[in-house]
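Dear colleague,

Please find below the structure that I am handing over to you.

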Amino acid sequence: MNNARCPKCNGEFSADYGEHTLVCPFCGEKTDAVRARKYFAVFHDRAATEGEAHGDKLLKFEEYLRVGAHELRQEDFGAAKEAYLKATQINPRDYRGFMGLVAACTKNYTDFKDTEHREYLQKAFAVADEEQQKNIAATYRAYEAKTSMTDSEYDEYLAEKQKDYKSHIKKAIIAFSKLIDDNKKKAKIAYISMFAMIGVGVVLIVLGLIFSFIWMVLPGVILIGGSYAAVAVWSRQRFYEKLYDFLVALFNVMKDFKFDIPQTDKVLDHMRTILYSVKDGDPVSATGAKVAALVEFLKSTGNKQAAVFCETQKFAEKYK
């Protein structure tokens, strides 16, 4: 049974009572165990007394909160805002929907120039109880301090943030390399099995037809059909190897493109999306579509170095 609630993302989970510090399984943030359990209890005690927080309404409200949190993690802030707006329409007396809107408007507290979020922040304070107001203040305090930065300080912050982003992408590429190495043996076995299954299947079908042994034809058809799975494993490995070489090459030459900060961030966003697609085990076609989006963006910038890179990369040429 759940007994703790994350103050950061509002995810609920089970926690042993002997623990002092908890790590949220949804957002990865550390939180004090007592605070997380109290937050869980306060929420559910309050929900039990509020008429609009019962039945289907509560389920829909919680679902929109989950969708909003997911979209924030995916950095689709427009979709996150839409989900949180629907949550506040269903239950305008729960501060979490408004704080979700604050996070969406400020791009998860990284856009220090946004002013739209202030209206939602005031609404969150208005409907929150004393303990919740403390949580809101604690969440917002660090962001508020950065809103007073000068333009030069803000540029320095963006440059440092991008440096961290590049480090994150680099680690993801290294993890991708390990995945490829781990799957090499499996792909090799699949490659050998592919020919073996097709060969044996053809022999069984031919012999079955020649000697009128119909019972031999069916296993032959099954073997040939089953070889598709082996082909898929081998094809995916080949795709991953070429994709890895492409991403490494792009990451190493990006500095030569001399993109501005927004353009560089956009390229990194595309690379992150591709690497997440690989990590999630998406079909090759789905990952390929994300590669095509990256190539399209590189060409749309009008940057000569980026255009030359795309033209000289055979892998990129497939995704014009």
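**Overall composition**

The protein chain is made up of twelve helices and four strands; helices (H or I, at least four residues) and strands (E, at least two) are DSSP runs, numbered from the N terminus. This is a predicted model, in which local features need pLDDT of at least 70 and side-chain atom pairs count only at pLDDT 80 or more, while totals for chains, interfaces and linings use all residues. Residues are numbered from 1 along each chain as its sequence is written, and side-chain values use heavy atoms, with hydrogens and water left out.

Of the 320 residues in the protein chain, 39% are buried, where buried means under 20% relative accessible area (1.4 Å probe, protein chains only). The accessible surface comes to about 18300 Å², and carbon and sulfur atoms account for 58% of that area; areas come from the Shrake-Rupley method with a 1.4 Å probe. Among contacts (heavy atoms within 4.5 Å) with a separation of 6 or more, 59% join residues 24 or more positions apart.

**Confidence**

The mean pLDDT (the predictor's confidence in each residue, from 0 to 100) of the protein chain is 82, with 87% of its residues at 70 or more. Over residues 47–54 pLDDT stays under 50, and the model has ten contacts beyond four places in sequence for them. Where pLDDT is low, the predicted coordinates should not be read in detail.

**Helix α4**

Helix α4 (residues 95–105) is largely enclosed by the rest of the structure, because eleven of its eleven residues are buried. Arg 96 and Cys 105 are among them. At the start of α4, the backbone nitrogen of Arg 96 has a side-chain oxygen of Asp 94 within 2.9 Å. Lys 107, which follows α4, has a positive phi, near 55°.

**Nonpolar cores**

A nonpolar core is taken here as a set of buried Ala, Val, Leu, Ile, Met, Phe, Trp, Tyr and Cys residues joined through side-chain atoms within 4.5 Å. The largest has 30 residues, and Leu 243, Phe 246 and Met 271 have the most contacts inside it. Helices that each supply at least two residues of this core include α7 (151–210), α8 (214–257) and α9 (261–279). The most comes from α8, with eight residues. Beyond its neighbours within four places in sequence, Phe 246 is in contact with residues including Val 291, Leu 294, Phe 309 and Phe 315. Another core, of 29 residues, lies apart from the largest one and has Tyr 39, Leu 72, Leu 121 and Tyr 154 among its members.

With kind regards

Terms used
Buried means under 20% relative accessible area, exposed over 50%, partly exposed in between (1.4 Å probe, protein chains only). A polar contact is a pair of N or O atoms within 3.5 Å; within protein, one must be able to donate a hydrogen and the other to accept it, and residues adjacent in sequence count only if both atoms are side-chain atoms.
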